Amino acid sequence: AFDAPVNYRAIPLSQDHHEQVSQTIGLMRDWANEDSFSAPIQRDGRLMDSGQDDLCADAFWWTKNKVKFQQDEDTAAPFRNFFDDEVIEVLIRPRDLANMTAPVEDCDGFSSYTAALLRSRGIKCNAVTIAADARDPHRFSHVYLACYPNGKRVALDTSHGPYPGWEAPNLFGLKKEW
């Protein structure tokens with residue numbers, strides 16, 4: 001259930017899986033960059049700071065505690081009747097996740113929200129995609145972040161990782177940093 005009016009925009013994606021991933025990552029990057037300057041992300045960026053001088057860890061734990069994991073199919077369920085085609089991807093802008101009472105997203109939403117938080121604090125982040133689904137090992141199916149505080153790479157898998165620095169195993173040899 002949604003506790004406020006929902007703003008949404010349907011964007012047609014390519015039929016090609018790799019192009020769909022590229023389009024999704026591009027939108028995630030654009031929204032994380034734009035929303036890093038928004039009031040809700042600026043607010044959460046200040047609130048997440050533990051004062052321990054590890055903003056990557058702060059953003060990791062803040063996101064893990066704020067956002068709950070939910071598959072896109074479940075998030076899209078209330079809107080299925082509005083679309084003729086299958087809903088392939090659901091992305092909620094980071095600033096909107098910040099304002100939700102009970103935010104839910106899957107790995108792309110966790111990643112874009114965390115990236116916006118860190119970018120609001122001056123830390124560069126890239127998306128990392130891997131094939132993680134044994135049923136389809138030739139397709140990108142998971143995304144997380146590679147962040148660069150002081151030039152050092154730190155993996156942040158806020159949707160599935162147990163701790164900052166943990167990186168999802170690349171079992172099928174398909175990996176790209178965007």
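This is a predicted model: local features need pLDDT of at least 70, side-chain atom pairs count only at pLDDT 80 or more; totals for chains, interfaces and linings use all residues.
Residues are numbered from 1 along each chain as its sequence is written, and side-chain values use heavy atoms, leaving out hydrogens and water.

**The α3/α6 pair**
- Their axes, lines fitted to C-alpha atoms over the stretch in contact, come within 10 Å and cross at roughly 140 degrees.
- From α3, Leu-55, Cys-56, Ala-59, Trp-62, Thr-63 and Lys-66 make the contact (heavy atoms within 4.5 Å).
- On the α6 side, Phe-110, Tyr-113, Thr-114, Leu-117 and Leu-118 take part.

**The nonpolar cores**
- A core here is a set of buried (under 20% relative accessible area, 1.4 Å probe, protein chains only) Ala, Val, Leu, Ile, Met, Phe, Trp, Tyr and Cys residues joined through side-chain atoms within 4.5 Å.
- The largest has 24 residues, and Cys-56, Tyr-113, Leu-118, Cys-147 and Leu-156 touch the most other members.
- α6 gives this core its largest share, 6 residues.
- Another core lies apart, with 9 residues including Val-21, Ile-25, Trp-31 and Cys-107.

**Helix α2**
- Pro-40, Ile-41, Asp-44, Gly-45 and Met-48 are the buried residues of α2.
- Down the axis of α2 they fall within an arc of 135 degrees (directions from axis to C-beta atoms), so they line one face of the helix.
- Ala-39, Arg-46 and Leu-47, on the other side of α2, are exposed (over 50%).

How values were computed:
Helices (H or I, at least four residues) and strands (E, at least two) are DSSP runs, numbered from the N terminus. Axes are lines fitted to C-alpha atoms, for helices over the stretch in contact, and angles run from 0 to 180 degrees between N-to-C directions.
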